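These are my notebook entries on a single structure. I set down what I looked up and what I found, entry by entry.

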Amino acid sequence: MNRRAFLGLVGAGASATLAGCFDGQAAATDDNRVTMTQVDFRPEELRVPVGTTVVFENTSSHSHTVTASGLPEAADDSEYFASGGFDSYEAAKAAWDDRAGGILEPGDTFENEFTTPGRYDYVCIPHLRQDMVGAIIVEEAETSDDNSTASY
Ligand SMILES: [Cu+2]
């Protein structure tokens with residue numbers, strides 16, 4: 001391998017590693033994207049492999065929040081997520097009531113990386129009465145380093 005090709009590979013690896021560290025860097029596709037309509041999350045349930053960064057995008061003309069309401073048992077407190085960066089539902093709710101904390105205005109996005117398998121329920125605090133709720137279902141990676149065969 002010549003030196004130029006080697007440097008190119010190093011560069012690609014470094015940017016792939018860093019991509020997860022910055023907000024707004026995750027590429028949103030249909031596989032990892034949830035949109036907000038007037039009073040709905042779409043899709044209401046999204047299945048993703050573990051390690052996926054999900055992008056929540058407010059494509060409506062209303063303001064919303066993305067606020068986790070239930071984590072899988074295997075997840076620890078550090079995996080709590082909410083727009084505004086709160087570390088518990090109680091904190092997010094108090095901030096919303098106090099100053100519209102965690103608000104996602106039209107066009108805003110919020111991202112979260114899901115590192116533990118299980119079901120993560122979340123709500124939009126200002127539209128709870130309209131049943132604006134969703135869930136991210138995080139599945140174990142299908143491949144492993146043993147000799148299991150792919151199922152597709
Ligand atoms: Cu809402």
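Is histidine 127 buried or exposed? I looked this up and found histidine 127 buried, at a relative accessible area of 10%; buried stands for under 20% relative accessible area, exposed for over 50%, and partly exposed for what lies in between, with a 1.4 Å probe and protein chains only.

Entry on the source. I note that the model is predicted, that local features need pLDDT of at least 70, that side-chain atom pairs count only at pLDDT 80 or more, and that totals for chains, interfaces and linings use all residues. Residues are numbered from 1 along each chain as its sequence is written, and side-chain values use heavy atoms, with hydrogens and water left out.

Entry on the whole chain. I read two helices and eight strands in the protein chain, where helices (H or I, at least four residues) and strands (E, at least two) are DSSP runs numbered from the N terminus. The order of the elements from the N terminus is α-β-β-β-β-β-α-β-β-β. Of the 152 residues in the protein chain, 33% are buried. I also looked up contacts, meaning heavy atoms within 4.5 Å. Among those between residues at least 6 apart in sequence, 63% join residues at least 24 apart.

Entry on the copper ion. I asked which residues coordinate the copper ion. They are His64 through ND1, Cys124 through SG, His127 through ND1 and Met132 through SD, at 1.9 to 2.6 Å. Donors here are N, O and S atoms within 2.8 Å of the metal (3.2 Å for Na, K and Ca); water is not among the atoms, so sites may look incomplete. Along the chain the donors follow the spacing H-x59-C-x2-H-x4-M. The angles among the four donor atoms are 94 to 128 degrees, and the site is tetrahedral; for four donors, that label requires all angles to lie between 85 and 135 degrees.

Entry on histidine 127. I placed histidine 127 in the loop between E7 and strand E8 (133-139). Histidine 127 touches Gln38, Val39, His62, Ser63, His64 and Met132, leaving aside residues up to four places away in sequence. The C-alpha atoms of histidine 127 and serine 63 are 9.4 Å apart, while 64 residues separate the two along the chain. Cysteine 124, like histidine 127, is buried.

Entry on threonine 65. Threonine 65 sits in the loop between strand E4 (53-58) and E5. I found threonine 65 buried, with a relative accessible area of 1%. Its side chain makes a polar contact of 3.0 Å with the side chain of threonine 67; such a contact is a pair of N or O atoms within 3.5 Å, and within protein one must be able to donate a hydrogen and the other to accept it, while residues adjacent in sequence count only if both atoms are side-chain atoms. The side chain of threonine 65 also reaches the backbone nitrogen of isoleucine 125 at 2.9 Å. Not counting residues up to four places away in sequence, threonine 65 touches several residues, including Phe41, Trp96 and Cys124.

Entry on helix H2. Which residues of helix H2 (residues 89-99) are buried? I found Ala92, Ala95 and Trp96. Seen down the axis of H2, the buried residues fall within an arc of 100 degrees, so they line one face of the helix; the arc is that of the directions from the helix axis to the C-beta atoms. These buried residues pack against strand E5 (67-70). On the other side of H2, Glu90, Asp97 and Asp98 are exposed. Just after H2, alanine 100 has a positive phi of about 55 degrees.

Entry on salt bridges. A salt bridge is a side-chain nitrogen of Lys or Arg within 4 Å of a carboxyl oxygen of Asp or Glu. I searched the whole structure and found six salt bridges. One of them joins the side chains of glutamate 45 and arginine 119 (3.2 Å, N to O). Glutamate 45 lies in strand E3 (residues 45-49) and arginine 119 in strand E7 (residues 118-123), so the pair ties together parts that are 74 residues apart in sequence. Glutamate 45 is partly exposed at 45% relative accessibility, and arginine 119 is partly exposed at 39%. Arginine 119 also meets aspartate 121 in a salt bridge (3.0 Å, N to O). Salt bridges that share partners join Glu45, Arg119 and Asp121 into one network.

Terms used. Tetrahedral: all angles 85-135°; square planar, octahedral: opposite > 155°, others 65-115°.
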